[in-house]
Every structure is written in C-alpha cells, then in structure tokens.
Amino acid sequence: MAADRDSLPPASPRRARAASGPGAATPTTRTRADGAAELPAVPAPGGGAVEVRRSARRSRTVSAYREGDRTVVLIPARMSGADEQRWVARMLDRLAAQESRKVLGDDALARRAAELSAEYLGGRARPEVVRWVTNQNSRWGSCTPAERSIRLSHRLQGMPEYVVDYVLLHELAHLLEASHGPRFWALLAAYPRTERARGYLEGVAAAAQLPHARGAG
C-alpha cells in the first residue's frame, strides 16, 4: 500500500475564516466515526477514484494512500477548496512517483506469473521464461507457446500494478489458447480489472500517438 504525507504552512486566522465562510468550495460531506468529514469519491485523472477525507484533528499534515481501487487523501478540515485541489494533485503525483520506482525484476515477474496462473487459470499456465524486454515498442507483451516464454515491454514499468498483472495474465492465457477467440477471453473473465486495464493501455497509446498496440489486446 503506497502512502505519502506532507505538511502545510500555518494558516493565518483570516485565511482560516475565509476557507470556512460563505463561498468556500465545500462539497457535501458525511461525518465519520473518528470525527473526519468524508467527501464523495471522484474520478482520478489516471483511473480509479479519489476520496478526500477532511478531519478537524489535522492541522497541518496531508497524507494519501491507496485503498483498493481508490486513492484516499487526508486533509485538514480548514483547507479551502482551491487548496484541496492543489494538494490532491500533488499527492497523486507523489504516489505515482513512488509506485513507478517499484519495478519487478525478472525473477519477481516470474513469481508473479505463477501467482496469477494459480489464482485465475487454475495453475495450468506454466511458463518456462518470463522477462522484460526493450525491443517491443508496438506490443505490451508477447508469448511463444512452443517455447513457453513470455516477454513484457519495458514500457509497462512504472504503470499501475493491475495493468502489469493484466498484461502478464493475458500472455499466460496465450499458453493455453493461442487465438483471441471466445475461449481465450473466457480464460480472462475471472480477472476483475480486465476492462479497466485495457482502457488504461488504450489511453496511454492514444496519448503517445502510437499505432494500435498489438499484444495484450
């Protein structure tokens, strides 16, 4: 679970009054048992949702962490709407930077492949080799069933874990079914983030003005 925190500069009394007075950007909240005000979750730019929780117990610190499919950002109750937006963006950037440094090596990638195969494919997909490669610029991943080898593009490094898992699981499924027919997609039906991961990859490809990426289609 990624987490980060930061501290705010002391607020002047005038600024504190302005943040809580008429016209302040204060979305509808509900009070949690711990006294914090919990805001509705909103979509995050990179996918998933962001839930901002305001707490009167916080005076200067801001923190953020991943909780399942959402990102939770904890802020002081006195913070203005404009400051909230600025700090949410900053904390999302910091979490992304943290996660981008968590790159699995080839050995860890092979272990993850075994875990995904056991969880979603009944352990039937058993690759001999799983590794990163730097020569796949139009494919996110590739598989050679005859050699039982799987290769993932280095461009996936730093992307969210569920996206890497999806591509890895996609290539594992090709060890059992070579084509992209109904039987292939049935193998991936148990993975709950297939559509979200596909949408993420399509967005990356579109943003980079790449041709339609083959592999992990």
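In this predicted model, the axes of helix α3 (residues 106-120) and helix α4 (residues 161-174) approach to within 10 Å and cross at roughly 70°. Because angles of 65 to 115 degrees count as roughly perpendicular, α3 and α4 are therefore roughly perpendicular to each other.

**The α3–α4 crossing**

- The crossing of α3 and α4 is right-handed, and the residues of this contact comprise 7 nonpolar, 1 polar and 2 charged.
- On the α3 side the contact is formed by Leu-109, Arg-112, Ala-113, Leu-116, Ser-117 and Tyr-120, which meet Asp-165, Leu-168, Leu-169 and Leu-172 of α4.

**The largest nonpolar core**

- This core holds 30 residues, of which Ile-150, Leu-152, Leu-156, Leu-168, Leu-169, Leu-172 and Leu-201 touch the most other members.
- When residues up to four places away in sequence are not counted, Leu-156 touches Trp-132, Trp-140, Val-163, Val-164, Val-167 and Leu-201.

**A second core**

- A separate core of 12 residues is also present, and its members include Val-73, Ile-75, Trp-87 and Met-91.

**General context**

- In soluble globular proteins, nonpolar side chains tend to be buried together.

Conventions. Residues are numbered from 1 along each chain as its sequence is written. This is a predicted model: local features need pLDDT of at least 70, side-chain atom pairs count only at pLDDT 80 or more; totals for chains, interfaces and linings use all residues. Side-chain values use heavy atoms; hydrogens and water are left out. Axes are lines fitted to C-alpha atoms, for helices over the stretch in contact, and angles run from 0 to 180 degrees between N-to-C directions. Helices (H or I, at least four residues) and strands (E, at least two) are DSSP runs, numbered from the N terminus. Angles under 35 degrees count as roughly parallel, over 145 as roughly antiparallel, 65 to 115 as roughly perpendicular and the rest as oblique. A crossing is left-handed if the near helix is turned anticlockwise from the far one by less than a right angle, and right-handed if clockwise. Contact means heavy atoms within 4.5 Å. Ala, Val, Leu, Ile, Met, Phe, Trp, Tyr, Cys and Pro count as nonpolar, Asp, Glu, Lys and Arg as charged, and the others, Gly among them, as polar. A nonpolar core is a set of buried Ala, Val, Leu, Ile, Met, Phe, Trp, Tyr and Cys residues joined through side-chain atoms within 4.5 Å. Buried means under 20% relative accessible area, exposed over 50%, partly exposed in between (1.4 Å probe, protein chains only).
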